Amino acid sequence: MKFPKIPALLLAASLVLATGCEKDLLDKTNPNAPSTATFWKTADDANKGVLACYSGLQQFACYYRSWHFMAHRSDESYSQSPFVELANFTRFVTPDNNFFISSFAWNDYYRTIFRTNQVVTRVPAIEMDGVLKQRLIAEAKFVRALSYFDLVYFFGRVPLILVEPTVTTRVPQATAAETEAQIIKDLTEAIPDLPATYPDPERGRATKGAAQALLAKVYMQQKRWADASALFSTIIGSNQYDLVDNYLDNFTDTNENNKESLFEVQFTGAVLEVGQGQDNSASSESHDRPNFFGPPGPTFADVQPRRWLLDEYRDSTVTLLAPGSTRKHLIDPRRDICIIHAGNPGVFYGKTFSGWGWNPNQQYWRKYLNDRTRTDENFSSGINHRVIRYADVLLMQAEALTELNQTSAALPLINRVRQRPSVNLAPLTGSFSQSALRLLIRSERAKELAGEGTRWFDILRWGLMDNQAGIDELRGRDPDFANFRLGISKLLPIPQRDIDIDPGVTQNPGY
């Protein structure tokens, strides 16, 4: 296209006028690119800001992908991935301090925290309904607390950013205790302003029960058993939650945000435009864990369950089948929902185990797969990730009570989980010593919560990664712990590029 010629006199006049109006021209705002300073004006802006905080949890290296690999370094999983660096990552061999699983997670968690800090900083000045304002701020504090919960237990000493930073902001690394204290502060402040429930269009937002449970989980990691137990009692006594009858309903894209769920990261199977989800070329607001955690063929089969876990489902509680019959072991029905193995009679992605030709000596994760509705997996699963379930609350309360030596009060809670209608195991009866019940709870947690990523936080809380005796126990179940280095491997390396940018950030020991 040719442009018309501009007379020289007119051009000169235009330049003079432009000089006089330069400031006005530069001060104009592009409506398609609102700035931080101009965005936070209305209640709708505040709500959109909070939704962006939740969206942060869907990012590529948060609950979309990286969280699952970081959490599955526990003794319940292992990797035979042909992606050698990924397999080594799960084996406590991390040659590259910038390996994308952990370094991207570091970035995406801090991106989420940046969003929460904007809400906490900017929303108080907005003229809007006061109750709604406090609720939105509380939701942002919950997301910030959850983000720091993951960061502190994966990385240890992390920069504790609580302000809206600029490019020059430098925040010292906090100790783990200081970060835990901030998580406790955020949740304690959030709980009074969060509702017990939301109407259907808003289900999935943080509730009072979700914040109480996350706070109790921090207390559990700190071994503050009485404080944790008091919160669990409040949650249980609220009658807001219950176990769903069918265990499977917790791990499909139907029956999401059900009565057993305290908090879920919301996902959809629809692929969206780049930038709306994980900020990468495969961007979506979906979930790609199933694509890496299932059997070969339909998935990449990068992470598998250990054999000991499969054997753990051979329930040690015996029962009389009929008068005069002998006692025998029962197979826990949760086994075949959690794990694909040669003895599982189900159909997976349209074929049986033998129909696929899978190795009968191998087992694969089934939990969270779409094998009942698809013939393969892709990067866009719509199954929500259940961060906190009521079954977890009941078992943590049983653990807290056991540590407080209240074993008789703990037993009914364990039985409640065991006797969910679709599981229906024999109840535990009689009296148990504290040490015996402690071991039993650990077994029950392994079976109920298998593959959900809670096991890493469990073995961390139980101190099994703090001494050689604990490492030997873990290695007995998972040979990869032969590579575990005391005082080093419990934490991931801080990305080297962040240390290069800010010399005040120091690397974790051993990296």
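Author: Start with Cys62. Cys62 is buried, at 0% relative accessible area. Buried means under 20% relative accessible area, exposed over 50%, and partly exposed in between, with a 1.4 Å probe and protein chains only. Cys338 is buried too, at 0%. The disulfide count is 0, where a disulfide is a pair of cysteine sulfur atoms within 2.5 Å.

A word on the source. This is a predicted model: local features need pLDDT of at least 70, side-chain atom pairs count only at pLDDT 80 or more, and totals for chains, interfaces and linings use all residues. Residues are numbered from 1 along each chain as its sequence is written, and side-chain values use heavy atoms, without hydrogens or water.

Now the largest nonpolar core. A core is a set of buried Ala, Val, Leu, Ile, Met, Phe, Trp, Tyr and Cys residues joined through side-chain atoms within 4.5 Å. Among its 133 residues, Tyr63 and Phe142 touch the most other members. Helix 8 (residues 130-155) gives the largest share, 15 residues. Helices here are DSSP runs (H or I, at least four residues), and strands are too (E, at least two), numbered from the N terminus. Phe142 touches residues including Leu187, Ala206 and Phe263, leaving out those up to four places away in sequence. Contact means heavy atoms within 4.5 Å. Another core lies apart, with 7 residues, among them Phe348 and Tyr364.

Last, helix 11. Its buried residues include Trp225, Leu231 and Phe232. Seen down the axis, the buried residues of helix 11 fall within an arc of 165°, so they line one face. The arc takes directions from the helix axis to the C-beta atoms. They pack against elements including helix 10 (208-221) and strand 4 (261-265).
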